[in-house]
Amino acid sequence: MPIGKNDLSDYEDEDALFAELERDDDNDLAMMRERRMREIQEEITRRQEMGENKHGVCTEITSEKEFMNITTSEKYVVGHFFHKDFRRCKIMDTHLEKLAEKHYGTRFIRIEVQNAPFLVEKLQIQVLPCVMAWVNGYAQTKLIGFDELGNSDAFQTSLLEMRLSNAGVLKQKQTDTTKQVNKSIFQSNEYDEDFSD
């Protein structure tokens, strides 16, 4: 039976064996590095394209037609209906600008209600600020005023972020603390000791 080139039993000298193992490791690392470089390049290209389409900022739209085109053509959109003289609308803008920088995959837009009489009537907007979220052109949620945000001018951006995430328009990054550990019912855990007495 012929012994292949990569058959490690063929190496009688330990130094030759270690050298071959290092070459294998170097090849594996090079392939992983190359794959990761491709992934990074694809992500950079995707972000450049999104940047050209005004992702990462809260853009003011001046016409209803453009507003409707964005909500129907982009996958994730958060739209703010505002009035330039309303203090609470300015507060909402600061929170949305923070979220726009953080959630690059979602398009954040705003339109003054005076420029959108058809949309204001069609969407029955009567209280400002009004924030709506769309996924693939379908409205997912409508936040009217600050009622659902603690009814306070000093609400946290994270509360708004949670409401929009629950609507499916913001994608949260999973952290290690949120991952569930799958365990068998036969595995012990710290609570088993409490019930053993």
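1. Which residues form a negative surface patch? In this predicted model, the patch is made up of E22, D25, D26 and D28. One of these residues, D25, has its place in helix α1, which covers residues 14-52. The relative accessible area of D25 is 46%, so the residue is classed as partly exposed.

2. The overall plan of the chain should be read next. The chain holds 6 helices and 5 strands. Starting at the N terminus, these elements follow the order α-β-α-β-α-β-α-β-β-α-α. Of the 197 residues in the chain, 32% are buried. Among contacts with a separation of 6 or more, 68% are between residues 24 or more positions apart. The chain exposes about 14000 Å², and carbon and sulfur atoms supply 49% of that area.

3. I40 is placed in helix α1. With a relative accessible area of 33%, I40 is partly exposed.

4. A search of the whole structure finds 9 of them. One of these joins R36 and E39, whose closest N and O atoms are 3.2 Å apart. How are R36 and E39 placed in helix α1? The two residues are 3 residues apart in this helix, so about one helical turn separates them.

5. D153 takes part in salt bridges with two arginines. With R87, the N to O distance is 2.4 Å. D153 is in the loop between β5 (138-144) and α5 (157-166), while R87 is in helix α3 (residues 87-102); the pair therefore ties together parts that are 66 residues apart in sequence. With R88, the N to O distance is 2.6 Å. R88 also belongs to helix α3, so its pairing with D153 ties together parts that are 65 residues apart in sequence. As for accessibility, D153 is partly exposed at 26%, R87 is exposed at 53%, and R88 is partly exposed at 27%.

6. A further group of charged residues is connected in a network. Which residues are linked in this network of salt bridges? They are E60, D93 and R110.

7. E64 is buried yet has no salt bridge, and the nearest side chain of opposite charge, that of K65, is 11 Å away. Leaving aside residues up to four places away in sequence, E64 touches I111, N115, A116, P117, F118 and L119.

8. E74 is another glutamate to examine. Is E74 buried or exposed? Its relative accessible area is 17%, so E74 counts as buried. E74 is located in the loop between α2 (64-73) and β2 (76-82). Although E74 and N136 are 62 residues apart along the chain, their C-alpha atoms are separated by 6.5 Å.

9. N136 is found in the loop between β4 and β5. With a relative accessible area of 45%, N136 is partly exposed.

10. Q124 is exposed, with a relative accessible area of 59%. P129 lies in the loop between α4 (117-122) and β4 (130-135). What kind of peptide bond joins L128 and P129? The bond is cis, with omega about -5°.

Methods. Residues numbered from 1 in each chain as written. Predicted model: local features only at pLDDT ≥ 70, side-chain atom pairs only at ≥ 80, totals over all residues. Heavy atoms only, no water. Patch = residues over 30% accessible without salt bridge, like charges linked within 9 Å, V, L, I, M, F, W, Y side chains within 5 Å. Areas by Shrake-Rupley, 256 points an atom, 1.4 Å probe, with all protein chains shown as cover. Salt bridge = Lys/Arg side-chain N within 4 Å of Asp/Glu carboxyl O. Lys, Arg positive; Asp, Glu negative; His and termini not counted. Charge placed at Lys NZ, Arg CZ, Asp CG, Glu CD. Helix = DSSP H or I, 4+ residues; strand = E, 2+ residues; numbered from the N terminus. Buried < 20%, exposed > 50% of the residue type's maximum accessible area, 1.4 Å probe, protein only. Contact = heavy atoms within 4.5 Å.
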